[in-house]
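Here is a short briefing on the sheet in this model. Keep the structure open while reading.

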Amino acid sequence: MEKMEKTATVLVADDDELIRTFIRSALEQVGLQVCEASNGQQALEQFVLRCPDIIVLDVMMPVMDGYTACSRLRGSAGGGRVPILMMTGMDDADAIAKAYEHGATDFITKPLNHSILSHRVRYMLRGSRTLDALLRSESRLGLAQRIAKIGNWEWQPRTGQFSASAELCRLMGIRLQDFGGTLDAFLQAVDAEDRERVELALKRILTDRTPCDIDHRIMLPNGSDFIVNLQAEAVFDDQLQSLTIVGTAQDISERKRSEREIHRLAYYDSLTGLPNRVLFKDRVTQAIAHAHRYQYHLALLFLDLDRFKVINDTLGHNIGDLLLKHVADRLAESVRHSDSIGRSSDGGQTHELARLGGDEFTVLLTNLRDVQDASKVARRILEALARPFPVSGHEIFVTVSVGIAIFPADGESVDVLLKNSDTAMYHAKEQGRNNVQYYSNAMNAAANERLRLEGEVRHATEREEFVVYYQPQIDLCSGRIIGAEALVRWQHPQRGLLPPAEFLQAASDTGMIRAIDEWMLRTACRQNRTWQQRGLAVPRVSINVSNSLFHGTTLLKAVEATFVETGLTPDRLELELTESVAMRNVDTSITVLQQLKTMGVQLAIDDFGTGYSSLSYLQRLPVNRVKIDQSFVRDLLSLVQPVPIVRAIIAMAHSLQLEVLAEGVEDERQRSILMAEGCDQAQGYLFGRPMPAADLERLLGWMVLPKAG
């Protein structure tokens, strides 16, 4: 026996006790449970109490007959689908029809046959369970379709009937009963721009037996739309005669949004919304192929903001990011007006703008009439960025250096064009920034030389190729040497002695500048300690400190370690910082400088007057002296009225109780003017060029102090 028949409960309602006993015996023999009622009213009560799986109901009973009881059962909770087998002794069509009218599932006539009754009941139970399982399956399928946002449909091409599931109608925003039931009714819900494509795809199933798999939009009654994936195939009957098109339509709007977001993240810069390096290179590659075919020129512009790192470090990365967004907007507006310089072969734009990363941007110009037109766009960019940027209460000024490479003259691949435009951009920076440079072979040679130099710088420290030269500093009143500035030189094995201008930028780019600074600090302090022990008068040695060494705790640790290692007293060391380094983070700078001052180290502001510090900040810095930049000293002999600038610097410094040292003094007239204006100290070729330690010792020989202990 099947499990469902063993556990099924049968309610038997008949006013004849013998018949009930007969039915009980027949059904219990096949493993069914039986409960009884003697009239229709009791049958209703037993149904509520026992919840039977099937009811065997006599027609003629006292109190309430079987017809009435059947109708009441069908109207009660849970009675809508329970199988009801009506028993009647009246073998006529009217009685049977009346039983069905009141909701009977089936009927059986008296007298009852033991075997037929049990088979009939079990058959009805099996059918009921099958129907319940089917309904549950349909319910779950409907729920699954609702969760997956997928509806199904069938189209009968011969009759034109198009049936849509409830979920498909829900997706289309209409009620199932309101759906027209034809292919045209479905196509009316398809977006007008996609309608013809969808209709052709469906009809191709009929002509070519080609399965349909397309994406299209559905228009909702409220005017909004969404995207569905429509799939369909042809299904034949057993005789291969009747053809039905069966399909599904799934809402894939969320998937499409995710795909668009993935595409945006993969190909667009998240900060500015511009194409990124990957997308830009792809578009340049396409443009190159087109230019090859039609024999025209392209220009690739490589843009790099000047001194953006200073802005980032000074105002913070949030301000820096906002500035980059403003720059991107202004660049987009600027290059948008450049379409006039090219010919668009396909009616599209003649430029592409991208952000490669950081403060680097690129512009591709296509269909150039003249390669020199690229510089017109570049100049327009320079002019556009020259206007100040208002960012979060700050008025920020930026400039840009632009390098230009031309296809095919400067390269025939995207990588070569990018490399050569980058080389041209660096040349623009070397020419003073805020300008435009075309690529040339000479620039490429210079770039290769710079790359080679960077590699050599990395090994120069470990090979002990750097040396220290010293330039004397003079007291203008007495003429005595009061210090010496330590200046690094590179004793290159092939190129000879190189000044800092030829290698410090390479050292900075490779991250070696800090190691050089620390080596300079140890070497100069050790030399000064040696001079002190030999009785030579060098009151102080001055060392320039780069931004790399100054910020953080590196400088303090390096200075303390140097004093321990060399034995030099702190008052014999002077550290020089430029205004830009000292002002990059004013509060941090003041803290570090105060700690150095407490140690006894002397402090100076180098190249004074060329930075961007204000008097309110300067007076907070615990420095001993300022050094007038040599450009102002040089102007003493060339300007009509040069003295007021120098006079103002000296007066301001003295008002802050600071000493003043003038750099780059080369002429006696310069010294006379400086002395007349009250300048305290000076250094320059007039007093001595940078020289090895041994040469400085000869100058110091006549200034003998008591030998240090």
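Predicted model: local features only at pLDDT ≥ 70, side-chain atom pairs only at ≥ 80, totals over all residues.

**Strand S3 and its burial**
- S3 spans residues 54-58 and is mostly covered, with five of its five residues buried.
- In a regular strand, side chains alternate between the two faces of the sheet.
- Both faces of S3 are covered.
- Ile54, Val56 and Asp58 are buried on one side, and Ile55 and Leu57 are buried on the other.

**Neighbours of S3**
- Strand S1 (residues 9-13) runs parallel to S3 and is joined to S3 by four bridges.
- Leu11 stands opposite Ile55 in that pairing.
- Strand S4 (residues 84-88) also pairs with S3 in the parallel sense, over four bridges.
- Between S3 and S4 the chain passes through helix H4 (residues 66-75). This β-α-β crossover is right-handed.
- H4 lies across S3 and S4. Its direction is at about 175° to S4.

**The whole sheet**
- Strands of a sheet pair through backbone hydrogen bonds, either parallel or antiparallel.
- Here five strands make an open sheet, ordered S2-S1-S3-S4-S5, with parallel pairing.
- S2 (33-37) and S5 (106-109) are the edge strands, and each pairs on one side only.
- From one strand to the next, the twist averages 20°.

**The S4-S5 pairing**
- S4 and S5 run parallel and are joined by four bridges.
- Met86 has Phe107 in S5 as its bridge partner.

Terms used
Residues numbered from 1 in each chain as written. Heavy atoms only, no water. Buried < 20%, exposed > 50% of the residue type's maximum accessible area, 1.4 Å probe, protein only. Helix = DSSP H or I, 4+ residues; strand = E, 2+ residues; numbered from the N terminus. Pairing = 2+ DSSP bridges. Right-handed = clockwise from strand over helix to strand, strands pointing away. Axes fitted to C-alpha atoms, helices over the stretch in contact; angles between N-to-C directions. Contact = heavy atoms within 4.5 Å.
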